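Hi there,

Here is the structure I promised to pass on to you. Have a look at it first, and then read on for what turned up in it.

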Amino acid sequence: MKKKKRKVFIKRMRQHLLFLLIAFTVMMAALVGVVVKINLRDGQRYSEKVLSQKYYENKTVPYKRGDILDCNGSILATSVKVYNLVISPMDILETEGALEPTEAALGKYFGVTKEEMNKFLEDPESQYEIVRKQVTYDQMKEFTDFEKTKAGWDVVGVTFEDQFIRVYPNNELACHVLGFVVGGNVGIGGLEGSYDTELNGTDGRIYSYLGEDFTMEREVEPSRDGYSLVTTIDTEIQRIVQDKSEKYMKEVGAKNISVLVMNPKNSAVMALYNCHQYDPNDAYKLDPVKYQYDEKNFEQDLPALSDEEFQAMKKNMSDEEKLTALNTLWRNYVISDNFEPGSTYKPFTISGALEEGIVKPEDQFFCDGHQIVADWDIHCHLWTGHGMLTVSEALEQSCNDCLMQIAAMEGPTIFDKYQVQFGFGKKTNIDLPGEPSEDSMYYMLYHQDTLNVTELATSSFGQGVTVTMMQLGTAFCSLINGGYYYQPHVVKQILDADGNVIENFDKTLVRRTVSTETADQVRNMLLNVVEEGTGSKAIVEGYSIGGKTGTAEKLPRNNGKYVLSFIGFAPADDPQVMVYCVVDEPRVDNPAFSSAGTVLFNMIAEDLLPYMNIHRTETPEHSEEGIDEIASPVYNGDAPENDVAGENADEEVPEETPEGELEELPADEYEDEAYEETYEEESWEDE
């Protein structure tokens with residue numbers, strides 16, 4: 001009986017288990033069906049919602065902007081790593097007991113007040129608030145060391161992110177060469193602007209996120225640092241130029257002083273200086289623009305502003321006035337401003353006449369102190385006249401009268417040919433920003449079709465024609481190096497972040513200007529200018545120096561205002577350096593007799609030539625006939641209302657110059673039959 005009951009019980013149990021198994025299977029099948037249905041219909045939407053709720057991090061890894069170095073490897077501009085102090089209000093507020101110790105630590109190490117913290121903690125869902133910018137490494141390390149101690153264990157939600165700031169270790173030195181950087185690594189002016197693309201790199205990224213298995217995943221895209229520039233600037237030469245110019249400005253004064261130093265063998269810029277400087281570390285600081293208001297007062301015979309008066313004036317300046325004043329301060333006079341060069345233009349007039357065989361160095365001309373040209377009485381600087389002079393002596397004594405006669409023999413066509421051949425009226429294509437447009441430069445001088453007799457006469461001695469310092473300096477280099485016009489440049493190498501050379505810039509030969517024979521003749525004449533003529537104040541004991549003085553009367557004529565200049569080189573037999581000094585309106589009682597440009601050249605050369613190890617020669621003996629070039633009015637009596645080129649600057653520039661295209665050099669040699677040698681055959685080119 002008992003066995004029968006047990007069999008019935010087992011049978012019922014099996015039936016119940018089978019029923020449960022079938023029911024469970026049906027339920028599971030239904031659940032799977034629902035899941036499949038949901039996944040097919042709304043799977044993408046739910047996946048996106050889940051992923052959006054997962055924790056992740058997207059952090060920028062900033063690149064380092066490339067350095068700017070001088071020719072000896074000294075740093076002119078660099079980027080220094082600093083740190084942004086960042087907090088996560090969510091972590092601080094959600095972590096029990098974290099608020100008070102975190103506030104205390106931030107207050108102790110970074111001076112964060114309770115009021116500041118309350119402001120940063122206003123959004124409890126925020127995970128990113130920048131509390132302090134440009135924290136130094138030492139500040140950051142002191143805090144992170146504290147976090148590792150027992151007292152710092154309760155500090156949460158504080159991190160640091162990398163940042164780079166631009167630093168100029170020499171402050172104002174070479175500021176117009178360098179330019180500066182504004183937010184977002186944007187270069188403004190100078191090399192920072194010209195080579196902005198090369199100096200900038202590419203940011204990297206760090207991706208941190210919570211994976212499907214709740215583990216932290218991390219991906220890193222490294223940053224690429226910017227390229228560095230090795231320049232032709234020599235920091236010590238730049239410092240010599242700045243120190244001597246500042247000394248002259250302090251002792252004498254002027255409206256403006258600018259100096260350009262170049263290597264005549266390749267037109268590399270070794271120093272470039274404008275007296276009104278700024279600190280690229282704080283380029284928007286207004287204090288350096290004070291000179292602009294002092295200049296206005298000087299012109300009105302008013303005293304200079306006191307510091308208190310200027311500070312009061314700054315407060316009332318509009319944003320537009322501030323920007324205008326700063327743009328004037330940042331402007332690079334050597335590159336951007338044009339002026340009448342005066343007698344420094346005479347070597348080019350003579351070079352063209354010699355090259356064309358119109359005159360020879362020993363040909364003679366008579367100077368009686370003036371020339372009557374188209375009813376205008378045009379002066380020589382020596383009103384009593386120089387008498388009979390050879391071509392060489394005319395340059396030595398800077399005789400306007402003789403130069404007008406030589407230009408008249410050349411005529412407009414030949415005169416203009418050599419203006420253009422020497423690069424006047426054209427861009428130099430220097431690798432710095434601010435050079436005027438090709439169109440506006442074309443009209444900075446009179447060309448064949450506008451060189452009437454009066455314009456030809458005044459242009460012959462550098463009045464009426466206008467140039468930039470970079471134009472004249474580059475042209476002069478070609479005249480003293482044998483007739484080779486090289487494109488001026490400031491950068492000689494581009495390096496990657498590992499120091500590998502990406503690109504080299506040595507010298508780019510653009511064209512021949514004159515033959516070696518003509519260049520040698522003129523260079524010897526320029527030596528005589530210093531040893532026998534108007535440039536005697538440029539002499540530095542023990543050195544052979546050549547050069548040319550310049551005195552240009554400013555508009556309006558007969559106003560007693562002059563631009564005085566000197567462009568010189570050493571040693572005279574094999575020029576290693578060219579120095580061009582321009583002093584605009586020296587503050588002396590009689591600026592006509594000041595020889596300001598020559599005096600400044602002498603001050604610079606006394607330190608520059610020994611530094612460069614220029615070889616010494618016997619000290620030249622001063623000739624009793626050596627005289628200063630006295631600045632004097634261009635006209636005796638009435639003068640034209642405006643006799644300076646540029647009135648037609650808005651006209652369309654001809655596709656070709658009056659003499660046709662410039663004589664550009666092919667890659668290997670100069671093909672014009674007028675020159676037998678190639679530029680590769682000059683022995684000094686390979687020294």
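**Salt bridges**

Arginine 65 and glutamate 192 form a salt bridge, and their closest N and O atoms are 2.9 Å apart. Arginine 65 sits in the loop between strand S1 (56-61) and strand S2 (68-69), while glutamate 192 belongs to helix H7 (residues 190-194), so this pair ties together parts that are 127 residues apart in sequence. Please keep in mind that the model is predicted.

Are these two partners buried or exposed? Arginine 65 has a relative accessible area of 1%, so it counts as buried, the cut-off being under 20%. Glutamate 192 is buried too, at 0% relative accessibility.

Another salt bridge joins lysine 81 to aspartate 162, with the closest N and O atoms 3.5 Å apart. Lysine 81 lies in strand S3 (residues 75-87) and aspartate 162 in strand S5 (residues 158-167), so the pair ties together parts that are 81 residues apart in sequence. Here lysine 81 is partly exposed at 36% relative accessibility, and aspartate 162 is partly exposed at 33%.

Glutamate 585 forms a salt bridge with arginine 587, at 3.6 Å between the closest N and O atoms. Glutamate 585 is buried, with a relative accessible area of 8%, whereas arginine 587 is partly exposed at 22%. Both belong to a network of salt bridges that links Glu295, Lys554, Asp584, Glu585 and Arg587. The count of salt bridges comes to 23.

**A sheet and its helices**

Next, find the open sheet of five strands, which has the order S12-S11-S25-S24-S23 and antiparallel pairing. Its edge strands are S12 (268-274) and S23 (546-553), each of which pairs on one side only. On average, neighbouring strands of this sheet are turned by 10° against each other, direction ignored.

Inside the sheet, strand S11 (residues 254-263) and strand S25 (residues 577-586) pair over eight bridges in the antiparallel sense. Methionine 262 has methionine 578 in S25 as its bridge partner.

Helix H19 (residues 469-480) lies across S11, S12, S24 and S25, at about 35° to S11. Helix H21 (residues 596-611) lies across S11, S23, S24 and S25, at about 145° to S25.

H19 also packs against helix H20 (residues 516-532), at an angle of about 105° and with the axes 8 Å apart. The two helices are therefore roughly perpendicular to each other. Which residues meet there? Phe476, Leu479 and Ile480 in H19 meet Ala519, Val522, Arg523 and Leu526 in H20. This contact has six nonpolar residues, no polar ones and one charged.

Happy exploring!

Note on methods
Residues are numbered from 1 along each chain as its sequence is written. This is a predicted model: local features need pLDDT of at least 70, side-chain atom pairs count only at pLDDT 80 or more; totals for chains, interfaces and linings use all residues. Side-chain values use heavy atoms; hydrogens and water are left out. Two strands pair if DSSP finds at least two bridges between them. Helices (H or I, at least four residues) and strands (E, at least two) are DSSP runs, numbered from the N terminus. Axes are lines fitted to C-alpha atoms, for helices over the stretch in contact, and angles run from 0 to 180 degrees between N-to-C directions. Contact means heavy atoms within 4.5 Å. Angles under 35 degrees count as roughly parallel, over 145 as roughly antiparallel, 65 to 115 as roughly perpendicular and the rest as oblique. Ala, Val, Leu, Ile, Met, Phe, Trp, Tyr, Cys and Pro count as nonpolar, Asp, Glu, Lys and Arg as charged, and the others, Gly among them, as polar. A salt bridge is a side-chain nitrogen of Lys or Arg within 4 Å of a carboxyl oxygen of Asp or Glu. Buried means under 20% relative accessible area, exposed over 50%, partly exposed in between (1.4 Å probe, protein chains only).
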